[in-house]
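These notebook entries record what I looked up in one structure.

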Amino acid sequence: MLITNLNLNNYRSYTTLDLSLDPGVSIFVGKNGEGKTNIAEAVLYLTFLSSHRASGNTPLIKLGNQSAYIRAKVEYPEREILVELEINGDKANRAKVNQNQVRSQKEIFGIVQTIYFSPEDLDIVRGDPSERRRFIDQLLTLRSPRIAGVISDYERAVKQRNSLLKTRASADALNPWDKQVAELGGELITLRMLALDELKPIFNQVYKDISDTKPAEIVYKSSIENPTLNQGENSEKIMERLVNNRGTELDRGLTLTGPHRDDLLLILGDHAVKGYASHGESWSIALSLKLATYNLLKLDGLSPILILDDVFSELDEERRERLAEIAKSADQTIITVAVENDLPKSITGTKYLVRAGMVSKL
């Protein structure tokens, strides 16, 4: 899979940008604040329908405009797809596929697939559990776009149930939402655990290749006891806890059980990574998680675009070279750097200068 053309209108710093992209490596060089990460973010938005840098859409729209537009020509071995997305601040986004309007932007899930590396990857290791939940849920979505609907429906059910809890609603009002949270939550826990079972051996090997001093491990930590790969059993356990904890949840106005409360425990040797690992060890774990994701998608027969956003300056030489090997092997890699010397010497490709929202070939 390749993006052969990326077009932006009123997106962040770009009034208009029409960018032809080649297979292989494309390198965007520019000082911080000049707009190079906006290009990476636009491709990511087509992948996940959200920004990794903003909680809402308004910051993505150039000041003084109502909407921003991202258009991409995506080339597959057997066909080409034009995907267009209208991003709105105060109403639902709208999308087109091959110039045909689709009912929901969710229908473009899976057209553009990316694996993204950035300095913020350290948050997966050192940040809140929400960062690790986002990591595993993005993996699920990349492998099977339909799962985005399961995640969205679950989040909506929890939000609605929380609203009812805050008003101290009756059991009759809560019961239908209990059922939805339990059923969708049980499915999501199972999906996460299945994916993790496939990811773990790849992650373990990748980490061993990067740093063989201590073994690394990932463990799924759930808000229910002894979660299993049986969706029905997980749903029953969630329902039981929702019923038993009804009083506490009404007092706090929060749903306290379900996959939105779960975590991935990252372990290095005999200790949890968070709070114990050094900066270098934490980077090795973060890098291994992303590389393992990439390798798992390749085993699935997918060819995700690699985006390496200002990440080389954060890594030592050994980790740079490890990432460079993957960058050169991908069908398409987009790299942003503030200083060209931060690039490993082994990486070559088409170079662009980004300055004040303008992009030109070097």
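Entry one, the largest pocket. I began with its lining classes and read 17 nonpolar, 14 polar and 12 charged residues. I note here that the model is predicted. The space in this largest pocket comes to about 1,400 Å³. Which element gives the most to the lining? I found that H3 does, with 10 residues.

Entry two, the second largest pocket. I recorded a volume of about 220 Å³ for the second largest pocket. Its lining holds 15 residues, and those nearest the centre are Asn32, Thr37, Arg53, Asp309 and Asp310. By class I read two nonpolar, six polar and seven charged residues in this lining. Helix H1 supplies the largest share of the lining, namely three residues.

On the H3 side, I listed Arg133, Phe135, Ile136, Asp137, Leu139, Leu140 and Arg143 as making the contact. On the H5 side, I listed Leu188, Leu191, Arg192, Ala195, Leu196, Glu198 and Leu199. What classes of residue make up this contact? I read nine nonpolar, no polar and five charged residues.

I located Arg319 in helix H9, which covers residues 317-329. Is Arg319 buried or exposed? Its relative accessibility is 15%, so Arg319 counts as buried, the limit for that class being under 20%. Leaving out residues up to four places away in sequence, I found that Arg319 touches Ile210, Gly280, Glu281, Trp283, Ser284 and Leu287.

Asn10 is not a glycine, yet I read a positive phi of about 55° for it. Asn10 lies in strand E1, residues 2-11. With a relative accessibility of 16%, Asn10 counts as buried. I then turned to Asn98, which is not a glycine and has a positive phi of about 50°. Where does Asn98 sit? I placed Asn98 in the loop between strand E6 (94-97) and strand E7 (100-101).

I found Leu82 in strand E5, residues 80-88. Leu82 has a relative accessible area of 21% and is partly exposed. Setting aside residues up to four places away in sequence, I listed its contacts as Ala72, Lys73, Lys96, Val97, Asn98 and Gln99. I also looked up its spacing from Ile111: Leu82 and Ile111 are 29 residues apart in sequence and 9.4 Å apart in space, C-alpha to C-alpha.

I located Leu19 in strand E2, residues 14-20. Leu19 counts as buried, at 5% relative accessibility. Apart from neighbours within four places in sequence, Leu19 is in contact with Thr4, Asn5, Leu6, Phe28, Ile39, Tyr352 and Val359. Leu19 and Ala72 are 53 residues apart in sequence, and I read 9.5 Å between their C-alpha atoms.

From Leu19 I went on to Thr4, one of its contacts. Thr4 belongs to strand E1. What does Thr4 touch, not counting residues up to four places away in sequence? I listed Leu19, Ser20, Leu21, Lys73, Glu75 and Glu80. Lastly, I noted that Thr4 and Pro23 are 19 residues apart in sequence and 7.8 Å apart in space, C-alpha to C-alpha.

Technical notes: Residues are numbered from 1 along each chain as its sequence is written. This is a predicted model: local features need pLDDT of at least 70, side-chain atom pairs count only at pLDDT 80 or more; totals for chains, interfaces and linings use all residues. Side-chain values use heavy atoms; hydrogens and water are left out. On a 1 Å grid over the protein atoms alone, a cavity is a set of points where a 1.4 Å probe fits but cannot get out, and a pocket is an open set with protein on both sides within 12 Å along at least five of seven lines; lining residues have an atom within 4 Å of a point. Grid points are joined across faces, edges and corners, and a volume is the space filled by probe spheres set on the points. Helices (H or I, at least four residues) and strands (E, at least two) are DSSP runs, numbered from the N terminus. Ala, Val, Leu, Ile, Met, Phe, Trp, Tyr, Cys and Pro count as nonpolar, Asp, Glu, Lys and Arg as charged, and the others, Gly among them, as polar. Buried means under 20% relative accessible area, exposed over 50%, partly exposed in between (1.4 Å probe, protein chains only). Contact means heavy atoms within 4.5 Å.
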